[in-house]
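Me: I'm new to this one. Can you walk me through it?

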Amino acid sequence: MKRKAIGAAALEVGAVGLGCMPMSWAYTGSRQRGEESLRTVHAALDRGSTLLDTADMYGPFTNELLLGRVLKERRADAFVSTKVGLLVGEQHIVANGRPGYVKRACDASLRRLQTDVIDLYQLHRADPEVPVEETWGAMAELVGAGKVRSLGLCAVGARAARRDGRGGLHAGTIRQLERIQQVFPVSSVMAELSVWSPEALEALLPWCTSRGVGFLAAMPLGNGFLTGTLTPGQGFEPDDVRARHPRFTAEMMAANQPVVAGLRRVAARHGADVTPAQVALAWVLARGTSVVPVPGAKHERWAAENAAAAELLLTDADLAEIAGLPAAQGSWD
């Protein structure tokens with residue numbers, strides 16, 4: 001697989017990563033199977049998808065434990081990215097950015113992942129009760145201690161960004177970035193970016209590009225919608241985040257079918273084996289040399305299909321057709 005560089009340190013990863021969250025968290029629980037997940041991670045690594053993205057809150061903890069079983073055998077093949085800063089309670093999620101907690105959480109992640117070093121340690125969310133510079137400073141100390149190689153920030157969620165209401169969807173994230181960049185270099189930013197959620201192109205991605213900061217595209221397949229495998233009205237299990245998302249009501253899924261239809265048309269021009277999902281990932285890859293899509297997958301088949309998207313080159317006509325697709329309908333938060 002082609003490789004891309006993340007951040008000023010030019011840390012290299014496969015052009016398409018693997019989001020491990022669906023294996024343990026947020027998606028249909030009845031379809032989460034440990035052995036299948038292990039095969040999925042191995043399949044991704046076999047095909048050059050070296051960036052494995054997880055977080056201590058996924059499970060919580062079980063996703064890191066699962067990855068640790070693979071890393072124990074194949075640490076040299078992987079680029080390990082995990083996150084800190086969110087705690088999962090019975091009915092809620094809270095931020096914790098206290099320096100002491102961050103350091104303890106890192107040690108715990110290292111144990112679960114069965115590794116001596118985390119390649120990319122990301123701040124999942126800033127704690128409103130702790131100056132972000134203090135949290136970032138503690139993370140920087142982990143780099144100095146050799147426990148972490150580089151640091152990244154996850155963008156503020158859309159709902160919080162709209163509550164902020166100052167200067168655009170990602171203005172709050174950019175303000176955080178400006179502050180923490182003064183403490184220690186930011187190697188990457190993770191934010192949603194896909195054909196049906198392109199908002200990061202307006203300000204956040206240009207900010208990253210101009211400063212040599214890598215961009216990890218979260219949800220590049222639109223939580224599965226852009227794969228074309230979901231049927232309007234099919235329903236989701238109660239533990240699946242899509243059961244509560246406005247864009248996944250039967251009405252909105254039907255209304256947004258023209259987006260998938262456009263991806264299908266582009267795919268058909270490239271061959272019978274090319275899928276809408278691969279076109280969606282190729283679109284993200286075309287956004288820049290330091291943009292790495294991180295699609296989630298919990299089945300070997302999907303990991304292999306996603307990895308193959310790294311070889312799909314869209315033409316100017318393809319990109320123009322995708323640019324002309326109707327904007328997605330429905331709120332995303």
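Reply: One term first: buried means under 20% relative accessible area. Also, this is a predicted model.

Me: OK. Which residues of α9 are buried?
Reply: In α9, these are buried: V259, V260, G262, L263, V266 and A267. Seen down the helix axis, they fall within an arc of 155 degrees, so they line one face of α9.

Me: Why would residues spaced like that point the same way?
Reply: An α-helix has 3.6 residues a turn, so residues three or four places apart point the same way.

Me: What covers the buried residues of α9?
Reply: The cover includes α10 (276-285) and α12 (316-323).

Me: And how far apart are the end C-alpha atoms of α9?
Reply: They are 21 Å apart. Helix α9 runs over residues 257-270, and its 14 residues should span 20 Å at 1.5 Å a residue, so the two values agree.

Me: What follows α9?
Reply: G271 does, with a positive phi near 130 degrees.

Me: Back to α12. At what angle do α9 and α12 pack?
Reply: About 170 degrees, with the axes 9 Å apart. That makes α9 roughly antiparallel to α12, because angles over 145 degrees count that way.

Me: Which residues meet there?
Reply: From α9, G262, L263, R265, V266, R269 and H270. From α12, A317, D318, E321 and I322. G262, L263 and V266 are also among the buried residues of α9.

Me: Now α10. How many of its residues are buried?
Reply: 10 of its 10 residues, so α10 is mostly covered. Among them are P276, Q278 and W283.

Me: New topic: α2. Where does α2 bend?
Reply: At G68, by about 25 degrees. Helix α2 covers residues 62-74, which is 13 residues. From first C-alpha to last it reaches 19 Å, close to the 18 Å expected.

Me: Is G68 buried or exposed?
Reply: G68 is buried. N63, E64, L66, L67, V70, L71 and R74 of α2 are buried too.

Me: What do the buried residues of α2 pack against?
Reply: Helices α1 (34-46) and α3 (99-113), along with β4 (51-53) and β5 (79-84).

Me: What about the loop between β4 and α2?
Reply: P60 lies in that loop. The peptide bond from G59 to P60 is cis, with omega near 0 degrees. Most peptide bonds are trans, and most residues other than glycine have a negative phi.

Me: Which residue other than glycine has a positive phi here?
Reply: M219 is one, with phi near 50 degrees. N223 is another case, at about 55 degrees. M219 sits in the loop between β11 and α8 (250-255), and N223 is found in the loop between β11 and α8 as well.

Me: How accessible are they?
Reply: M219 is partly exposed, with a relative accessible area of 32%. N223 counts as buried, at 6% relative accessibility.

Me: Last one: L205. Where does L205 lie?
Reply: In helix α7, residues 204-210. L205 is buried, because its relative accessible area is 6%.

Me: What does L205 touch?
Reply: Leaving out residues up to four places away in sequence, L205 touches A200, F215, R287 and V291. As for L193, it is 12 residues from L205 in sequence and 9.5 Å away in space, C-alpha to C-alpha.

Key
Residues are numbered from 1 along each chain as its sequence is written. This is a predicted model: local features need pLDDT of at least 70, side-chain atom pairs count only at pLDDT 80 or more; totals for chains, interfaces and linings use all residues. Side-chain values use heavy atoms; hydrogens and water are left out. Helices (H or I, at least four residues) and strands (E, at least two) are DSSP runs, numbered from the N terminus. The expected span of a helix is 1.5 Å times one less than its number of residues. The bend at a residue is the angle between axes fitted to the seven residues ending there and the seven starting there. Buried means under 20% relative accessible area, exposed over 50%, partly exposed in between (1.4 Å probe, protein chains only). Contact means heavy atoms within 4.5 Å. The arc is that of the directions from the helix axis to the C-beta atoms. Axes are lines fitted to C-alpha atoms, for helices over the stretch in contact, and angles run from 0 to 180 degrees between N-to-C directions. Angles under 35 degrees count as roughly parallel, over 145 as roughly antiparallel, 65 to 115 as roughly perpendicular and the rest as oblique.
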